[in-house]
Amino acid sequence: MRSEVGKINLDTVFKEREQLNENIVYAINKASAPWGIQCMRYEIRDMHMPSKIQEAMQMQVEAERKKRAAILESEGIREAAINRAEGEKKSAILASEAIQAERVNVAKGEAEAVLLKAESRAKAIERIATALERDGGSGAAGLTVAEQYVQAFGNLAKESNTVVLPANLSDPGSMVSQALAVYDSLNKRK
């Protein structure tokens, strides 16, 4: 019996009683065959191990439980880390998609604004052209150019501390006539 028990791992001794019984019956029959004795059955009812072996078995069982617990805990930590990483990845993807959509929307809005301004400017130019073809249109345009010329000189001093002015600034009439001359020269080029 000791020989058969010694062949088995400590943690499986109690589980394999049936196999132990069969192996012991075979060993007894082999040893008793020359005398004509045959063992029909052998049954292990109770096994008492020495206290040191029982302690070793208990420590082995305890170590196996701790090992399984540590493995389960590490698998849980790994799964949690994977879940967190996947969540952060999805969050980053969604954030970048939101930024992209925002940029596309802003670009579309700016493009539409440019188109609207261009259409408004084109309509304004068409109306100005129509107005210039009427009687007195050329004079009105000249007056507008002169006003803008004078206004531009008035704004120069507000925007910068260095101003380049024409020599005849004291004569506003000459400024208006210069503006009208510029307008007339542009009109003649047509």
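A salt bridge is taken here as a side-chain nitrogen of Lys or Arg within 4 Å of a carboxyl oxygen of Asp or Glu. The model is a predicted one, in which local features need pLDDT of at least 70 and side-chain atom pairs count only at pLDDT 80 or more, while totals for chains, interfaces and linings use all residues. Residues are numbered from 1 along each chain as its sequence is written, and side-chain values use heavy atoms, with hydrogens and water left out.

The protein chain holds five helices and zero strands, where helices (H or I, at least four residues) and strands (E, at least two) are DSSP runs numbered from the N terminus. Of its 190 residues, 13% count as buried, that is, under 20% relative accessible area, with exposed meaning over 50% and partly exposed in between (1.4 Å probe, protein chains only).

A search of the whole structure finds four salt bridges. In one of them, glutamate 62 pairs with arginine 65, the closest N and O atoms being 3.6 Å apart; both residues lie in helix α3 (residues 51-133), three residues apart, or about one turn of the helix. Glutamate 62 counts as partly exposed at 35% relative accessibility, and arginine 65 is partly exposed at 46%.

Helix α3 also contains glutamate 64 and arginine 68, which are four residues apart, about one turn of the helix, and whose salt bridge has its closest N and O atoms 3.8 Å apart. Glutamate 64 is partly exposed, with a relative accessible area of 34%, and arginine 68 is partly exposed at 46%.

A further salt bridge joins the side chains of glutamate 79 and arginine 78 (3.3 Å, N to O).
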